[in-house]
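This report describes the open spaces in the structure shown below and the residues that line them.

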Amino acid sequence: MVRLHALELVPDEAGRSALLDDWQALRDAGLPSQLDHRGASNAPHVTVVSAPLLPQEALDVAEVRLGGLLPVAARLSGLLLLGGERVTIARAVDVDDTVLRRVLAVRAQVPDRHPAGWLPHVTLARRVLRADVPRALEVLAHGGGELVLAGLRRWDPELGAVTTLVDAG
């Protein structure tokens, strides 16, 4: 299995705290939660692009096009259910057209990106049994809210390292 490098937008401290509250609420309900993931990269984030390799051109474009925009307001909106027998639960993140255009400019620099399209979201839980989805939705039923995206980081799975590229928070 190919391990994917990633470029990620990270929220400011208030947004991070709100999302960690969702993770904790799921855990408190006895449900899977991103709190269960102990990896070095585990923190609330919106993935811009992931691929087996991130070309230097993509990093350069990301630092200029996205880094120059941060911090930027976004909005946590509805819940997403992704997957099959076991699902991933995520909060959709609404971004304005400027952010979208800049993300697409970065993604265009990465030829082998996964997935092909971009659905901005923050993962709350993975591998949730379908039978547990109604309970998870009840736990997460509160509305969304403002989210300030304040940083840009890179995940390198080969080094097991997260590198902050931009910190505007």
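**Terms and basis**

Helices (H or I, at least four residues) and strands (E, at least two) are DSSP runs, numbered from the N terminus. A pocket is an open set of points on a 1 Å grid over the protein atoms alone, where a 1.4 Å probe fits, with protein on both sides within 12 Å along at least five of seven lines; lining residues have an atom within 4 Å of a point.

The model is predicted, and totals for linings use all residues, whereas local features need pLDDT of at least 70 and side-chain atom pairs count only at pLDDT 80 or more. Residues are numbered from 1 along each chain as its sequence is written, and side-chain values use heavy atoms, without hydrogens and water.

**Largest pocket**

The largest pocket holds about 1,100 Å³ of space, a volume being the space filled by probe spheres set on grid points joined across faces, edges and corners. Its lining comprises 38 residues, with Leu-4, Glu-8, His-45, Thr-47 and Arg-126 closest to the centre. Strands S1 (5–11), S2 (46–51) and S5 (121–129) are the elements that contribute two or more lining residues; S5 gives the most, with 5.

By class, this lining has 18 nonpolar, 14 polar and 6 charged residues. Ala, Val, Leu, Ile, Met, Phe, Trp, Tyr, Cys and Pro count as nonpolar, Asp, Glu, Lys and Arg as charged, and the others, Gly among them, as polar.

**Second largest pocket**

About 220 Å³ of space lies in the second largest pocket. Among its 15 lining residues, Val-10, Pro-11, Arg-16, Gly-151 and Asp-167 lie nearest the centre. At least two lining residues come from each of S1, helix H1 (13–28), strand S6 (145–156) and strand S7 (161–167), and S6 supplies the largest share, 4 residues. The lining consists of 7 nonpolar, 3 polar and 5 charged residues.
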